[in-house]
Amino acid sequence: MSMRQTRDSVPVIDMRGVWSRYRDVVVHRNLDFRVERGEVIALVGGSGSGKTTLLREILGLLLPAEGSIRLFGHEIGSANSVALAAVRNRLGMLFQQGALFSALSVYDNIAFPLRELRFMDEAWIADIVRLKLDMVGLEEKHAPLMPAELSGGMIKRVALARALAVEPELLLLDEPTAGLDPARSRSFVALVRELQQSLGLTVVLVTHDFDTIAGLESQVAILAEQQILARGTLAEVAALPHPAIRAFFAPMGFYGAEDR
């Protein structure tokens, strides 16, 4: 087996038997979650189901009480700081509302993760920033703007450019279309889908928006009862008769009157 085949056969995310707790509150109970290279997975679930906790654990910002989390085959819990940094450089994160640094320009926000690597000169960084701006449909004239001068859609695009700055293999998105009007939401989803296909990204997103799920042609993994309760296409998951799944989808108008 070639090195390329071996690498591609390793799951990007492999969570096994994960228990997550906040004091006496159990958030995840014996949770398993596996994501293969190139997959697009939408994590959905009710408030308090543990979606954000799951993202934090994937990022290595939070360790589970029990269980194993491997990213690209590397165990996060036992990784030293150097190994953990190397793994994190293989993923990008788009936070809800963009989370741009308010005191930095568009250019410096995108350049920030590149400067943190500490081996690129400014000319090289400038070339990458221009490339990432173009990649998300922005122009060089936007580079000196401050976050306060940007529309909601532009903030999302700058945040996406920053997430893609280090050429990640895994892209994590937390409510990527939150706060956008329908037209900007559709445009942003189309952009993410185009980039996912052209760059071969693996994408995991937290969302409650059906149009985002459909636009990204993603599978759905529903978090309920402290576990990944079901996984499949949106239609497959929504059709399951489990009460927790029906309770999640029904208020969003997914079912016809005859299905209620």
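This is a guided tour of a predicted model, one selection at a time.

**Before you start**

Residue numbers start from 1 along each chain as its sequence is written. In this predicted model, local features need pLDDT of at least 70 and side-chain atom pairs count only at pLDDT 80 or more, while totals for chains, interfaces and linings use all residues; side-chain values use heavy atoms, with hydrogens and water left out.

Helices (H or I, at least four residues) and strands (E, at least two) are DSSP runs, numbered from the N terminus.

**Stop 1: the six-stranded sheet**

Select E6, E7, E8, E3, E9 and E10. They form an open sheet in that order, with mixed pairing. Two strands pair if DSSP finds at least two bridges between them. E6 and strand E10 (227–232) are the edge strands, each pairing on one side only. From one strand to the next, the twist averages 20 degrees. Axes here are lines fitted to C-alpha atoms (for helices, over the stretch in contact), and angles run from 0 to 180 degrees between N-to-C directions.

Now select residues 170–174 and 202–206. These are E7 and E8, parallel strands joined by five bridges. Find leucine 172: valine 204 in E8 stands opposite.

**Stop 2: strand E9**

Select residues 219–224. How many of the six residues of E9 are buried? Five are, so the strand is mostly covered, where buried means under 20% relative accessible area, exposed over 50% and partly exposed in between (1.4 Å probe, protein chains only).

E3 and E9 run parallel and share five bridges. Alanine 42 has valine 220 as its bridge partner in E9.

**Stop 3: the nonpolar cores**

A nonpolar core is a set of buried Ala, Val, Leu, Ile, Met, Phe, Trp, Tyr and Cys residues joined through side-chain atoms within 4.5 Å. The largest one has 51 residues. Select Ile110, Val129, Leu160, Leu171, Ile222 and Phe249, which touch the most other members. H6 gives the most to this core, six residues.

**Stop 4: the largest pocket**

On a 1 Å grid over the protein atoms alone, a cavity is a set of points where a 1.4 Å probe fits but cannot get out; a pocket is an open set with protein on both sides within 12 Å along at least five of seven lines, and lining residues have an atom within 4 Å of a point. Grid points are joined across faces, edges and corners, and a volume is the space filled by probe spheres set on the points.

The largest pocket holds about 620 Å³ of space. Select Arg88, Asn89, Leu91, Phe112 and Pro113: of its 18 lining residues, these are the closest to the centre. Show helix H3 (81–88), strand E6 (91–94), helix H4 (106–117) and helix H6 (152–163); each supplies at least two lining residues. Which of them gives the largest share? H4 does, with four residues. The lining divides into 13 nonpolar, two polar and three charged residues. Ala, Val, Leu, Ile, Met, Phe, Trp, Tyr, Cys and Pro count as nonpolar, Asp, Glu, Lys and Arg as charged, and the others, Gly among them, as polar.

**Stop 5: the second largest pocket**

This pocket has a volume of about 200 Å³. Its lining includes Glu175, Arg186, His208, Asp209 and Asp211. Helix H7 (182–199) and helix H8 (210–215) are the elements that give two or more residues. H7 gives the most, four. By class, the lining has three nonpolar, five polar and four charged residues.

Stay on glutamate 175, in the loop between E7 and H7. Its phi is positive, about 45 degrees, although it is not a glycine. Is glutamate 175 buried or exposed? It is buried, with a relative accessible area of 11%.

**Stop 6**

Select arginine 16 in strand E1, residues 13–22. Arginine 16 counts as partly exposed, because its relative accessibility is 48%.

Finish at arginine 23, in the loop between E1 and strand E2 (25–35). Arginine 23 has a positive phi, near 55 degrees, and is not a glycine. At 81% relative accessibility, arginine 23 counts as exposed.
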